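Please prepare a briefing on the ligand surroundings and the helix packing in the structure shown here.

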Amino acid sequence: MRFSVYLEPMSEKELRLQPRLQCIAGLVPRGARLADVGTDHGYLPVYLLQRGLIARAVASDVGAAPLAHARRTAAAYGVPLDLRLCAGLDAVCPDEADTVVIAGMGGETIVSILKQAAWDWRGVTLLLQPMTKAELLRRALPELGLHTVAEHLVRDKGTIYAVLTVTAGESEAPTNAEAWCGAGLLHDPLYGEYARDRLEKLQRAAAGLRQAKTLDSALISTLEEDAAALQAKIKEWEDANGMGH
Ligand SMILES: C[S@@+](CC[C@H](N)C(=O)[O-])C[C@H]1O[C@@H](n2cnc3c(N)ncnc32)[C@H](O)[C@@H]1O
């Protein structure tokens with residue numbers, strides 16, 4: 001379903017973004033034709049349109065209420081936002097966007113949106129920001145014909161999030177440590193904290209499973225293997241940064 005936005009006279013107000021969305025905004029190529037999937041309040045496209053940083057934006061959401069929020073945000077800030085009520089990219093044509101943002105959702109949902117989209121990703125920049133299960137997303141990308149060109153970390157309200165810049169292209173399956181902590185983040189100032197936090201999550205998940213009544217020993221072994229790989233990576237990183245004991 002398509003909607004257009006009633007524009008109020010040019011708004012004097014400037015929309016400000018929280019650090020997580022600000023980081024993503026900084027990675028959107030200038031002049032992009034943007035598709036923001038799962039836009040919710042529409043803050044990201046409205047921010048970019050208001051500053052003239054992108055040429056146009058389509059914002060989709062599976063929920064009518066979030067899309068109504070996006071409509072109100074666009075009207076309040078006086079920018080033309082093209083709205084689509086649909087799952088993922090179902091109502092967005094590939095020729096409408098050269099940059100696709102899928103942010104603020106679980107890694108599993110992002111993977112299912114990518115699988116469902118009948119897009120040829122060549123020439124498209126994807127910015128993917130999982131709230132959970134980043135490891136699942138990183139592991140799925142090679143099978144989808146996608147390749148991570150960069151990752152960035154950002155802290156927002158005490159949590160560190162990874163933002164992946166992805167394009168079409170072949171890539172190797174990530175190692176266990178890379179799946180959990182990315183391949184190109186070793187020089188990021190937040191890497192140590194991010195990696196230790198991911199390790200803690202892994203160890204907690206393995207401990208929880210060990211205590212569960214129905215013992216899934218295969219999954220426990222996988223988690224323990226991942227934890228060992230990540231621990232070794234962290235040690236390597238600490239040694240390289242003069243933090244080894
Ligand atoms: C937490 S909000 C994130 C909003 C914004 N993208 C951000 O990063 O702040 C998640 C939004 O994704 C929408 N959503 C969830 N699954 C979706 C799907 N498969 N397709 C489109 N939108 C989806 C939800 O309705 C919700 O508005």
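Predicted model: local features only at pLDDT ≥ 70, side-chain atom pairs only at ≥ 80, totals over all residues.

Residues are numbered from 1 along each chain as its sequence is written, and side-chain values use heavy atoms, with hydrogens and water left out.

**Ligand shell**
- The ligand is surrounded by 16 residues, a residue being near if one of its heavy atoms lies within 4 Å.
- Arg20, Gly38, Asp61, Gly88 and Ala103 are the closest of these.
- At least two shell residues come from each of α1 (19-27), β5 (99-105) and α4 (107-116); helices (H or I, at least four residues) and strands (E, at least two) are DSSP runs numbered from the N terminus.
- The largest contribution, three residues, is that of β5.

- A side-chain N or O atom of arginine 20 is 2.8 Å from an oxygen atom of the ligand.
- For glycine 38, a backbone N or O atom lies 2.7 Å from a ligand nitrogen atom.
- Glycine 88 likewise has a backbone N or O atom 2.7 Å from a nitrogen atom of the ligand.
- Of the 600 Å² of accessible area that the ligand has on its own, the protein covers 75% (Shrake-Rupley method, 1.4 Å probe).

**Helix packing**
- Helices α1 and α2 (residues 43-50) pack with axes 10 Å apart, at an angle of about 50 degrees; axes are lines fitted to C-alpha atoms over the stretch in contact, and angles run from 0 to 180 degrees between N-to-C directions.
- α1 is therefore oblique to α2 (angles under 35 degrees count as roughly parallel, over 145 as roughly antiparallel, 65 to 115 as roughly perpendicular and the rest as oblique).

Conventions: Polar contact = N/O pair within 3.5 Å; in protein donor to acceptor, adjacent residues only side chain to side chain.
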